Amino acid sequence: IIVQEVRQMKKGEKDMTKGAILPQILLFALPLILGQLFQQLYNTFDTWCVGNFVGKNSFSAVGTVGSITNMLIGFAGGFSTGAGVVISQYYGSGDKENVRKSVHTFILFMFILSIALSLLGVALTPFLIKIIKAPPEVAKEEYIYLTIYFSGISGLLLYNMGSAIFRAVGNSKLPFIFLVVSACLNIIMDLVFVIVLKMGTSGVALATIISQAISALLVLGALKITQSQVSFKFRELKINWKILSRIIFIGLPSAIQMAVTAFSNVFVQSYINQFGADVMGGWTAYNKVDQVIFLPMQCMGLAAMTFVGQNYGAGNIKRAKRGADISLLSALTSTLILVVPVITLAPHVVTFFINGEDDVIKYGTLFLRMLSPFYLLCCFNQVYSNALRGIGRSKEPMYVMLFSFVVARQIYLFVVSRFISNTIIPIAFGYPFGWLLCSTIITITYFISFRKEEKRLREDDRN
């Protein structure tokens, strides 16, 4: 099936510069949503395994290191965003030669970056564990998981690289297929390593990096054998410095924003951890549901970025803006559909992850019901920030998100914990506070930026 899809890849590419907008966005976003759902499935299965067959310390450890792993994943992901914008703009303008140069430049760059980030992650693990201030029994499990995870993080980074290339030319189906394969393998290995071989936290980490390595091999193999514009040949792997500078110019702000925001969340996690293992367990269950609720809006944002990038490259800013607005409406609708049952069934959702721990279930239910309604705010910053990146304006989202998610949120947490009430509920509200601030500023920035682009294009046409 995979070989057949790769051979048909050229047919899977989507020129989004013409045709009905809503079907194009939904058909592009659906495989992304399903693919990310499978990715969350095997991440969720990791926590389910340790929660039900190892213990709550391992459960809390695996579930609370996301802010640490996301620093490096987010940093590399920023460059994938930059490459996706560059490739989609060249693709939209019909520049096949620069599409190929961009692909080969990005692949070689990411090979080097993934090795460097893997070494950096292993080296920084002891320092980062100290920052989040986990109880000693949890910190020990965190060290085991992170050391193994960072040793094999190159697989995930290379998979994300290939996915960004496919998405840039409108093909979101192949990354979905590869994620399905990876998720199924991860689940099987979790069962073997944790339940049969009794490997505990290390078994979950090994299952994750092996399945991610296989997804990387699949995506690289697809790029190698496809006959489309984004195929690559080893002899053509070299850096085009002009194109790399464009990728870095667009991608670096996003990389910094994602990495610094994740690092800030490490400190947020430290505020949570001071309330003990039961609160950490409840927060872990909440985070797993949080990642699922975020999926539609994130994927609609990625769809908006590709759509805007292609149409901006073709010089049609009005169509690009229309696509971004339709993506936002789709994100709001799908998020609302998810939030309602989560609020209603919150205790049962938490019990799925860890059973028999009443205090953990109590806190997880509290977090889900208290924070879920605010996810509608996030749709604005997810879609409009990616629309801005699609027209090459990646600095604005970086500034806004760093201010909202790092500076303002940390000030909020410091003030609340020191001068108002150092209890879990006001601390947890640090997230909605950041979402509201970010979405408000991003929305204003989006409308101002697109008006400027429309004016500039009109002036270019007159000239």
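Visitor: At roughly what angle do helix H12 and helix H16 cross, and within what distance do their axes come?

Guide: This is a predicted model, by the way. In it, the axes of H12 (residues 277–313) and H16 (residues 375–390) cross at roughly 30 degrees and come within 7 Å.

Visitor: What makes H12 and H16 roughly parallel to each other?

Guide: Angles under 35 degrees count as roughly parallel. The crossing is at roughly 30 degrees, so H12 and H16 get that label. Their crossing is right-handed, and the contact of H12 with H16 has 15 nonpolar, 6 polar and 2 charged residues.

Visitor: Why is H9 called roughly antiparallel to H10?

Guide: Look at the angle again: H9 (residues 173–196) packs against H10 (residues 200–225) at about 155 degrees, with the axes 8 Å apart. Anything over 145 counts as roughly antiparallel, so that's what H9 is to H10. As for residue classes, the contact of H9 with H10 divides into 14 nonpolar, 8 polar and 1 charged. H9 passes H10 in a right-handed crossing.

Visitor: Now for H5. Why is H5 said to be largely enclosed by the rest of the structure?

Guide: A residue is buried at under 20% relative accessible area. In H5, 24 of the 28 residues are buried, so the rest of the structure largely encloses this helix.

Visitor: Where is the kink in H5 centred, and what span does H5 reach?

Guide: The kink, about 30 degrees, is centred on Leu72. H5 (residues 66–93) still reaches 38 Å from its first C-alpha to its last, close to the 40 Å expected.

Technical notes: Residues numbered from 1 in each chain as written. Predicted model: local features only at pLDDT ≥ 70, side-chain atom pairs only at ≥ 80, totals over all residues. Heavy atoms only, no water. Axes fitted to C-alpha atoms, helices over the stretch in contact; angles between N-to-C directions. Helix = DSSP H or I, 4+ residues; strand = E, 2+ residues; numbered from the N terminus. Parallel < 35°, antiparallel > 145°, perpendicular 65-115°, else oblique. Left-handed = near helix turned anticlockwise from the far one by under 90°. Nonpolar A, V, L, I, M, F, W, Y, C, P; charged D, E, K, R; others polar. Expected span 1.5 Å × (residues − 1). Bend = angle between axes of the 7 residues up to and from the residue. Buried < 20%, exposed > 50% of the residue type's maximum accessible area, 1.4 Å probe, protein only.
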